[in-house]
Amino acid sequence: MTTSFGAATAAIIADDPKLHLARTFTGFRTASNSLLLTKRPQVFSTSSAAGASSLIRAVSTPVKPDTSVEQKRSKVEIFKENSNFIRYPLNEELLTDAPNINEAATQLIKFHGSYQQYNRDERGAKSYSFMLRTKNPCGKVSNKLYLVMDDLADQFGIGTLRLTTRQTFQLHGVLKKDLKTVMSAIIKSMGSTLGACGDLNRNVLAPAAPYYRKDYLFAQKTAENIAALLTPQSGFYYDMWVDGEKVMTAEPPEVVKARNDNSHGTNFPDSPEPIYGTQFLPRKFKIAVTIPTDNSVDLFTNDIGVVVVFDADGEPQGFNIYVGGGMGRTHRLESTFPHLAEPLGYVPKEDILYAVKAIVVTQRENGRRDDRKYSRMKYLISSWGIEKFRSVVEQYYGKKFEPCHELPEWEFKSYLGWHEQGDGGLFCGLHVDSGRVQGIMKKTLREIIEKYNLNVRITPNQNLILCDIRQAWKRPITTALAQGGLLQPRYVDPLNVTAMACPALPLCPLAIAEAERGIPDLLKRVRAVFEKVGLKYNESVAIRVTGCPNGCARPYMAELGLVGDGPNSYQIWLGGTPNQTLLAKAFKDKVKIQDLEKVLEPLFYHWKRKRLSKESFGDFTNRMGLEKLLELVNKWEGIPLGASRYNLKLFADKETYEAMDTLARLQDKSAHQLAMEIIRDYVASHRKW
């Protein structure tokens with residue numbers, strides 16, 4: 001069976017000496033010496049002197065390989081090669097009595113949407129469990145699926161659901177013996193975990209807002225079509241979890257046509273995986289779709305960012321495409337880095353699936369498979385340059401890209417609170433701290449979603465949207481939400497509204513510091529510093545925290561990013577912007593969590609006093625420059641005498657503040673936090689909705 005693999009040359013890699021990339025390989029053999037991955041023919045077209053049309057040879061046509069040098073490849077590539085399309089040895093490992101699975105199966109189960117984990121807080125024998133991640137294009141979750149996920153969390157998980165930064169659920173704590181039961185329940189509820197992890201296209205993002213507007217509906221439909229196009233076809237998922245009983249859904253004909261098209265050598269005609277082959281992609285692959293101005297999806301952090309372009313009458317005409325975004329990096333290895341997607345070009349609306357497929361195939365054929373640290377598409381683009389990358393994509397696309405169209409300024413949109421859908425119904429966006437649905441909140445949501453038969457959407461900011469609410473239901477739902485601790489956005493601390501954190505400890509095997517468990521206290525401390533330096537309550541900074549440098553909560557886009565670099569220690573990143581269009585920069589390493597105020601206090605103090613009109617913290621840090629900011633931090637000796645220390649908007653006099661501060665300290669809170677909690681509780685219990 002033919003299998004794809006790129007044939008990048010050493011000369012390409014040598015273009016950028018900073019990357020220190022090793023020579024990539026052109027093919028490899030199986031243990032039996034039969035060719036499984038072959039060197040591909042050159043896909044660059046050459047025109048004859050007479051100007052004849054270009055000939056593009058199919059990349060799936062094997063040629064005689066160069067076997068003079070055995071090329072290096074990662075262990076995961078070997079696992080994929082020997083897996084019979086992501087089946088073996090996972091199928092055998094699931095049948096054993098052991099609580100865990102072996103190394104090869106651990107890699108393969110990711111393609112099925114699961115990670116093997118263990119509780120790192122516990123000492124002694126490892127207590128293994130599995131995290132399951134769903135795949136929900138656009139964050140859409142049906143009423144039935146939400147209720148099933150809620151049940152599964154209680155019956156087989158740890159009693160919580162987690163909303164992710166890619167608009168999906170994560171279900172933690174599932175035991176190996178329960179995996180098939182849980183997976184089959186999700187599948188039979190028209191859900192899926194297929195491709196939520198692994199070396200293939202992940203969940204496709206789109207604005208979660210359920211507006212009945214042409215622009216939003218078109219973007220969401222495009223995201224769903226891209227997700228369908230890049231869904232694995234070989235049936236391994238259904239073989240494993242529902243004994244081959246594939247749940248059939250009708251695919252749009254344009255998706256089937258684009259998948260099967262091989263006019264430019266993108267496909268493996270005789271393979272169960274016409275786009276992926278046996279080796280799938282070199283690493284994870286992420287795509288987001290949105291409309292102009294709406295950057296709720298963190299567009300530029302994706303391998304492919306797609307923006308719908310409309311004409312003056314609001315009709316969709318085509319798409320701007322951006323490529324090469326990605327957050328992951330490795331500490332103290334400068335050849336790894338976060339990167340923002342850059343413009344590739346514009347395509348008419350009927351070509352979007354073919355253009356996306358051409359980009360995916362370019363990465364499939366040329367992305368590195370020898371060292372997974374450098375396997376994301378951003379490193380291929382960094383190595384080649386965008387012009388060369390564009391020219392190769394055009395060979396698979398079969399057309400030239402037009403220049404990207406000019407777009408208006410981007411905004412971050414949270415969609416919290418009540419909004420008109422446009423069809424007579426309402427939707428309500430709810431803030432969920434770190435996306436963790438638990439306790440009374442979980443019970444309340446269950447009751448409301450079940451009682452009113454609501455569908456929901458998950459946002460890329462780890463929040464939840466209740467959809468299709470009748471006008472008459474607004475008052476009782478608002479009251480029930482408040483009683484369950486789900487407050488309207490005006491009662492949520494602005495710092496919490498934009499904050500994000502990855503799960504990190506205790507279950508993530510990569511975490512080296514706290515994130516989700518630590519961010520509540522961190523935000524309280526930031527709010528206390530705000531008060532101390534005189535910043536108003538309605539002012540905010542986008543804060544994101546991750547337990548390791550892989551960047552799942554996208555900390556490199558934050559105005560203030562904290563990236564775990566040791567136990568109770570963080571690397572500080574500054575300079576992201578509120579609309580998520582600028583990459584932050586590393587500011588300070590190895591800042592102990594107990595010393596955080598020594599860094600934040602001078603930064604926020606000088607922002608308060610030296611900023612321009614309406615200048616965000618991120619813009620301020622970029623204007624000042626890291627060198628100057630570091631100087632201010634190193635010379636800091638505390639707030640100068642005479643500087644305001646009391647927020648007189650809330651406390652009318654110093655005595656009231658000090659009395660409240662004394663009470664607050666007993667609860668490990670700031671005076672402002674305690675006062676706001678008292679006010680919120682009072683309003684929630686007395687307001688007539």
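Predicted model: local features only at pLDDT ≥ 70, side-chain atom pairs only at ≥ 80, totals over all residues.

Residues are numbered from 1 along each chain as its sequence is written, and side-chain values use heavy atoms, with hydrogens and water left out.

**Stop 1: the sheet.** Select β8, β9, β10 and β11, and you have an open sheet of 4 strands in that order, with mixed pairing. (Strands are DSSP runs of E, at least two residues, and helices are runs of H or I, at least four, numbered from the N terminus; two strands pair if DSSP finds at least two bridges between them.) Which strands stand at the edges? They are β8 (287-290) and β11 (342-348), each with a single partner strand, so one side of each has no neighbour in the sheet.

**Stop 2: β10.** Now pick residues 316-323. This strand runs antiparallel to β11, joined by 6 bridges; look for Y322 opposite P343 and N320 opposite Y346. With β9 the pairing is also antiparallel, over 7 bridges, and V308 stands opposite F319 there. Between β9 and β10 the hairpin has 5 residues, and G314 takes a positive phi near 80°. Because 7 of its 8 residues are buried, β10 is largely enclosed by the rest of the structure. (Buried means under 20% relative accessible area, exposed over 50%, partly exposed in between, with a 1.4 Å probe and protein chains only.)

**Stop 3: α10.** Go to residues 352-366: this helix has 15 residues, of which 14 are buried. Click I359 in it, and you'll find it touching F285, I304, I321, V323, L344, M377, F389 and V393, leaving aside residues up to four places away in sequence. (Touching means heavy atoms within 4.5 Å.)

**Stop 4: the cores.** I359 is also among the residues with the most contacts inside the largest nonpolar core, which has 113 residues. Apart from it lies another core of 44 residues, including Y570 and F620. (A nonpolar core is a set of buried Ala, Val, Leu, Ile, Met, Phe, Trp, Tyr and Cys residues joined through side-chain atoms within 4.5 Å.)

**Stop 5: the cysteines.** How many disulfides does the structure hold? The count is 0, a disulfide being a pair of cysteine sulfur atoms within 2.5 Å. For C548, the nearest cysteine sulfur is that of C508, 5.8 Å away. C548 counts as buried at 10% relative accessibility, as does C428 at 0%.

Conventions. Pairing = 2+ DSSP bridges. Expected span 1.5 Å × (residues − 1).
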